[in-house]
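Please look over the sequence and the model shown below before reading on.

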Amino acid sequence: MATMAHPEQWMNTSGGTTPVWVHKMPFSKYPRFETLSHDIKTDVCVVGSGIAGISAAYELITRGKRVTMIEARNVLSGESGRTSGHLSNALDDGYSEIAKKHGEHGAKVAADSHTWAIDRAADITKKLRLDCEFRYLPAIEISQYPRGDPNHDKEVRIIREEVEAASRAGVHASFREGLAVQGWDGKPDQRDGALFAGQATFHPTKYMVGMLEWLKNHPNFQCFTHTRMATIEENDIVQVRTVNGNTITAKDVVEATCVPIQKLSIIAEMEFMRTYCIAIRVPKNYIEDCLLYDQAEAYKYLRFTDCDENDDYLVIGGCDHKVGQEQVEGRFDELETWVRERFTKAGSVDYKWSGQIFEPVDYMAFIGKNQGMNHTYVVTGDSGNGLTHGILAGKLIADEIEGVENPWASLYNPKRLASIAKSLPRMVGHDLQINAQYKRYFETDIKDIEDLAVGSGGVLNKADTAAPMAVYKDEGGQTHRFSAICPHMKAVLSWNAAEKSWDCPVHGSRFSCEGVCVEGPAKSNLRPLDDFSKAKQHEQEAL
């Protein structure tokens with residue numbers, strides 16, 4: 001079972017677990033690039049090599065721009081490689097809720113843009129001849145409750161309302177009484193649901209690696225890995241300074257880093273969630289090929305990908321919670337139990353992993369010029385639809401850089417005010433909740449380092465310690481000690497036992513067990529507290 005990996009994988013992905021996509025696209029097949037060692041000039045600097053950065057680079061290069069991409073670790077080492085692989089215009093937050101914040105026109109723009117993204121992925125797959133399992137398929141949305149439960153009828157009414165709202169927005173949706181998933185042979189009877197046509201899926205890292213290989217061979221593209229951005233300075237031009245001391249001078253810069261590397265602003269308009277996935281073997285052709293969602297608050301979502309000549313992998317995700325604020329234990333087990341109760345021929349669980357979701361308070365991503373900037377563009381707030389958001393961001397940002405009017409621009413504008421104002425109660429409640437996490441300055445996870453089991457971590461915060469200390473005890477019993485203070489806004493971190501990472505419960509920054517920053521908005525590593533820990537941190541970054 002491919003779950004816990006070697007320490008060097010922190011340069012390939014943002015977790016200690018391994019996602020199913022390595023089964024057909026191992027990290028060793030990712031394209032490799034050099035580290036930036038000199039100052040350079042370019043038209044556009046793209047920071048980040050996930051789906052948004054790759055899509056932006058592709059759209060810009062096909063319009064004649066020179067693009068320089070930089071990545072803090074190896075390419076595809078962020079959240080794009082840990083996705084569940086859905087391509088959907090049946091958006092997670094629902095068109096009923098989107099229309100309340102953005103109006104019926106805004107809901108239609110959301111549907112149009114995500115539909116475009118699905119078709120753009122199909123077009124690129126065909127044009128570049130990518131072997132990435134792309135296919136159109138339906139999505140099915142069902143109640144989380146079985147027939148006969150009064151809550152089933154309540155959720156069915158909500159599903160019917162969503163079908164009507166989605167249809168008004170231009171999505172091909174219908175309600176089907178008695179709708180059942182072919183192959184669902186377990187006891188829970190959750191029939192009745194919505195059918196969304198024109199959805200899609202693919203193998204995400206095969207798609208992105210294929211695009212990177214195409215970009216790598218293009219004369220207007222260059223990429224540098226292990227090149228961490230330190231600052232962005234805007235005047236008539238933009239200068240991107242790297243941690244290594246080099247400068248990239250560009251006309252425009254795109255921060256495609258999941259979340260902008262900055263203090264607050266947009267950061268305060270999002271919630272930060274962890275989500276969990278497993279890949280479990282099922283016989284080929286046993287279950288119909290579809291996307292499947294239920295109505296739970298931390299809802300389950302399901303799709304399939306190729307395993308071998310006999311089996312497919314059923315990929316199921318869910319069990320979301322705020323970053324750094326809840327125990328991770330039991331979530332993979334809950335997903336496995338859900339599958340086995342409904343699909344009795346399910347086999348072994350071969351992969352378990354988790355990812356991060358950024359939820360804007362008004363449901364729509366932030367794509368465009370960053371607040372207070374004229375040539376710095378951001379892509380953030382995936383809201384559970386990161387792949388289609390990333391793909392459409394490529395077009396939207398390329399249009400804005402070229403001065404081409406885009407009908408999607410106002411919906412995704414990072415400077416928008418009206419829909420944010422409508423979301424103030426939720427935003428204030430979220431801010432109060434995360435600010436309450438500063439209580440960890442008065443808490444300790446462990447009373448003594450000896451309390452830690454091997455392979456685990458915890459914060460030691462006692463009267464005789466100068467400041468909260470993040471302590472990780474490796475498999476050999478050696479302790480690695482770092483400051484437990486997040487360098488972003490000085491919150492005390494929490495240990496993530498599923499990923500062996502240090503997670504910030506306030507704004508969602510994450511760090512490897514060796515204190516290497518793998519998720520913003522923080523932009524620097526944790527401070528080592530002894531020479532051994534410092535050496536281990538440097539060793540991990542060099543892998």
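Helices (H or I, at least four residues) and strands (E, at least two) are DSSP runs, numbered from the N terminus. This is a predicted model, in which local features need pLDDT of at least 70 and side-chain atom pairs count only at pLDDT 80 or more, while totals for chains, interfaces and linings use all residues. Residues are numbered from 1 along each chain as its sequence is written, and side-chain values use heavy atoms, with hydrogens and water left out.

The UniProt record, an unreviewed entry, places the feature "domain: Rieske" at residues 468-529; positions from UniProt are given in the numbering used here, feature names are shortened, and annotations may be inferred rather than shown by experiment.

An open sheet of 3 strands has the order 20-21-22, with antiparallel pairing, where two strands pair if DSSP finds at least two bridges between them. Its edge strands, each pairing on one side only, are strand 20 (456-460) and strand 22 (479-483). Strand 20 and strand 21 (residues 469-473) are joined in the antiparallel sense over 5 bridges, and Ser456 has Lys473 in strand 21 as its bridge partner.

Helix 4 (residues 204-216) has 13 residues and reaches 18 Å from its first C-alpha to its last, close to the 18 Å expected at 1.5 Å a residue, the expected span being 1.5 Å times one less than the number of residues. Because 10 of the 13 residues of helix 4 are buried, this helix is largely enclosed by the rest of the structure; buried means under 20% relative accessible area, exposed over 50%, and partly exposed in between (1.4 Å probe, protein chains only). Among the buried residues are Tyr207, Met208 and Leu215, and what covers the buried residues of helix 4 includes helix 2 (95-127) and helix 6 (386-402).

Two single residues can be set side by side.

| Residue | Relative accessibility | Class |
|---|---|---|
| Ile159 | 0% | buried |
| Thr18 | 8% | buried |

Ile159 lies in helix 3 (residues 150-169). Leaving aside neighbours within four places in sequence, Ile159 is in contact (heavy atoms within 4.5 Å) with residues including Glu141, Phe175 and Gln295. Thr18 is placed in the segment before strand 1 (40-41).
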